[in-house]
Amino acid sequence: QVQFVESGGGLVQPGGSLRLSCAVSGSIFSIYRMGWYRRTPGKQRELVATITSGDVTNYTDSVKGRFTIARDNAKNTVYLQMNTLKPEDTAVYYCNVVLGDTIKLEYWGQGTQVTVAS
């Protein structure tokens, strides 16, 4: 079992910033990749940003230059610094972790709401 503790969501005005955190614990044997996804009503969940164990990052185009993903391996924690937020960033943000080497297991956090509005 893998447990998640997500924090940092909330309400922010356009142009503002938020920092999401996600700490994972439990049966953590080898973290391959951690990341953040988001979903808005009526849409499928989409990738926001991921970071591998080798610190290779990947961002969806709409957040490049505004969001930064980072991880603390010692704490099994991934962060998402979100700057210059826009109303279209409003969504439920989900933490994701992929464990393993040849065989990979994927787990999801419960989600945290981010609302960007005046």
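This is a predicted model: local features need pLDDT of at least 70, side-chain atom pairs count only at pLDDT 80 or more; totals for chains, interfaces and linings use all residues.

Visitor: Why is G16 called buried?

Guide: The cut-off for buried is under 20% relative accessible area, and G16 has a relative accessible area of 17%, so G16 counts as buried. Setting aside residues up to four places away in sequence, G16 touches M82, N83, T84 and L85.

Visitor: What makes T52 buried or exposed?

Guide: T52, which is found in strand β5, has 15% relative accessibility and therefore counts as buried, given that the limit is under 20%. Beyond its neighbours within four places in sequence, T52 is in contact with Y32, R33 and R71.

Visitor: Why is F29 called exposed?

Guide: Exposed requires over 50% relative accessible area, and F29, with 54%, is therefore exposed. F29 lies in the loop between β3 and β4, and together with I103 and L105 it forms a nonpolar patch on the surface, the three having about 330 Å² of accessible area together.

Visitor: What makes the exposure of R38 and E46 buried or partly exposed?

Guide: R38 has 5% relative accessibility and so counts as buried, whereas E46, with a relative accessible area of 33%, is partly exposed, because that term covers the range between the 20% and 50% cut-offs.

Visitor: Which side chain meets that of D89 in a salt bridge?

Guide: The side chain of R38 does, at 3.1 Å from N to O. This pair links distant parts of the chain, with D89 in the loop between β8 and β9 and R38 in strand β4, 51 residues apart. Both D89 and R38 are buried. Through shared partners, salt bridges join R38, E46, R66 and D89 into one network.

Visitor: How many salt bridges does the rule give, and where is there one with exposed partners?

Guide: The count comes to 4 salt bridges. One of them is formed by the side chains of K64 and D61, which meet at 3.0 Å from N to O, and both K64 and D61 are exposed.

Visitor: How do you know which strands are paired with β11?

Guide: Pairing requires at least two bridges between two strands. Strand β2 (residues 10–12) is joined to β11 by 3 bridges and runs parallel to it, with V114 as the bridge partner of G10. Strand β9 (residues 91–99) also has 3 bridges to β11, in the antiparallel sense, and V92 stands opposite Q113. Strand β11 itself (residues 112–116) has a covered face, made of T112, V114 and V116, and an uncovered one, made of Q113 and T115. In a regular strand the side chains alternate between the two faces of the sheet.

Visitor: Which strand joins β9 through 8 bridges?

Guide: Strand β4 does, running antiparallel to β9, and within that pairing V92 is the bridge partner of R39.

Visitor: What makes up the largest nonpolar core?

Guide: The core has 28 residues, and those with the most contacts inside it are W36, L80, M82 and Y93. Strand β9 gives the most to this core, with 5 residues. L80 touches residues including W36, V48, F67, I69 and Y93, leaving out those up to four places away in sequence. In soluble globular proteins, nonpolar side chains tend to be buried together.

Technical notes
Residues are numbered from 1 along each chain as its sequence is written. Side-chain values use heavy atoms; hydrogens and water are left out. Buried means under 20% relative accessible area, exposed over 50%, partly exposed in between (1.4 Å probe, protein chains only). Helices (H or I, at least four residues) and strands (E, at least two) are DSSP runs, numbered from the N terminus. A nonpolar core is a set of buried Ala, Val, Leu, Ile, Met, Phe, Trp, Tyr and Cys residues joined through side-chain atoms within 4.5 Å. Contact means heavy atoms within 4.5 Å. Patches are made of residues with over 30% relative accessible area and no salt bridge: like charges are joined within 9 Å, nonpolar side chains (Val, Leu, Ile, Met, Phe, Trp, Tyr) within 5 Å. Accessible areas come from the Shrake-Rupley method with a 1.4 Å probe; for residues, only the protein chains shown count as cover.
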